[in-house]
Amino acid sequence: MSPHDLGTAVAVTRIGHASTDPTIVLPGGPCRGPEYLEDLAGLGDTHAFAVLHPRGTPRSGGLSRGWWNDADDVIALADALDLSRVDLVAHSAGTRLALATAVRYPHRVASMALITPPASWLTDTPYDGAPIADIRTDAAFIDAMTSLEQDQPDTEEAFRKTFLRQAPATYAQWTAHEKAHAAVGAMSLAAAGAWFTDIPVDAAARIRSAELPPTLVIGGAEDLLTGVQPVVAYAQALGADLSMIDDCGHYPWVEQPGAFRRLVHEWLAERTHTR
């Protein structure tokens, strides 16, 4: 589907054939081509989704105006879909966009499911990923950790190479399945940098003080990128339900598809039931 099919500035991909109103999906990265979300562990069999391609992704082009301002695109997509209120499913960096949308447009967001969110920025809870790193001894992981500690790519080519070098640290296991997934979804250094521009200095405080819709946070118990306690504190600050998935890193629909599918299906089914 092209960016013009719904008359919006950004592209959208439809998943599923359910007769219900679609849930809007916000990918992470930031600004990673949302193909890496795959079919959300088969959730399209029972639910309908509209997956946003944020500004800065290949199909939408351009650059993000910052995750706070890009909330306007989420609402433009909701309007194009004729949705007065929307459920949001967001992954990683996309969780910031979901929160911005809920704070800036409180009457338009019915619920949020926030998957493996970067969390320390919201509560200043110290990162606690060292014990997670200690359980991994494979060579690919050790090299990935070296990259995370040392690499500072300053060109698009180096950025992509660095992303792939660091990928083994973002999953709980590093098998052929994870290797194939890591290569999906283009990213851009320029787009990732633009994602963090023009963010209000009080954005975190405004989010913490906002009256948010029902929210579910899904974390990976072995997610080295987020740690564990920061995600716990994040969920508490949002007044959200929290579910941690064992033996899972940053991509639960890839690593633990059954548990992920059950959690999100039950969450969305409950939202439909309570309206």
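1. Helix H2 (residues 94-104) is mostly covered, since 10 of its 11 residues are buried. Here buried means under 20% relative accessible area, exposed means over 50%, and partly exposed lies in between, with a 1.4 Å probe and protein chains only. The buried residues of H2 are Gly94, Thr95, Arg96, Leu97, Ala98, Leu99, Ala100, Thr101, Ala102 and Val103. Helices (H or I, at least four residues) and strands (E, at least two) are DSSP runs, numbered from the N terminus.

2. A note on the source. This is a predicted model, in which local features need pLDDT of at least 70 and side-chain atom pairs count only at pLDDT 80 or more, while totals for chains, interfaces and linings use all residues. Residues are numbered from 1 along each chain as its sequence is written, and side-chain values use heavy atoms, with hydrogens and water left out.

3. The sheet is open and has 7 strands in the order S1-S3-S2-S4-S5-S6-S7, with mixed pairing. Strand S1 (11-15) and S7 are at the edges and have a single partner strand each, so one side of each lacks a neighbour in the sheet. Neighbouring strands are turned by 20° against each other on average, direction ignored. Two strands pair if DSSP finds at least two bridges between them. Axes are lines fitted to C-alpha atoms, for helices over the stretch in contact, and angles run from 0 to 180 degrees between N-to-C directions.

4. Two strand pairs can be checked by eye. Strand S2 (residues 23-26) runs parallel to strand S3 (residues 49-53), with 3 bridges joining them; Val25 stands opposite Val51 in S3. Strand S6 (residues 215-220) and strand S7 (residues 241-245) are also parallel, joined by 5 bridges, and Gly220 stands opposite Ile245 in S7.

5. Helix H10 (residues 229-238) forms a right-handed β-α-β unit together with S6 and S7. Right-handed means that, with the strands pointing away from the viewer, the path from the first strand over the helix to the second runs clockwise.

6. How do H1 and H2 pack? Their axes are 8 Å apart, at an angle of about 75°. That makes H1 roughly perpendicular to H2; angles under 35 degrees count as roughly parallel, over 145 as roughly antiparallel, 65 to 115 as roughly perpendicular and the rest as oblique. Ala71, Asp72, Val74 and Ile75 in H1 meet Leu97, Ala100, Thr101 and Arg104 in H2, where contact means heavy atoms within 4.5 Å. By class, this contact has 5 nonpolar, 1 polar and 2 charged residues. Ala, Val, Leu, Ile, Met, Phe, Trp, Tyr, Cys and Pro count as nonpolar, Asp, Glu, Lys and Arg as charged, and the others, Gly among them, as polar.

7. Asp143, Ala144, Thr146, Ser147 and Leu148 in H5 meet Thr162, Arg165 and Gln166 in H6. The residues of this contact divide into 2 nonpolar, 4 polar and 2 charged.

8. Is His53 buried or exposed? His53, found in strand S3, counts as buried because its relative accessibility is 2%. Leaving aside neighbours within four places in sequence, the residues in contact with His53 include Val10, Thr13, Glu35 and Arg59.
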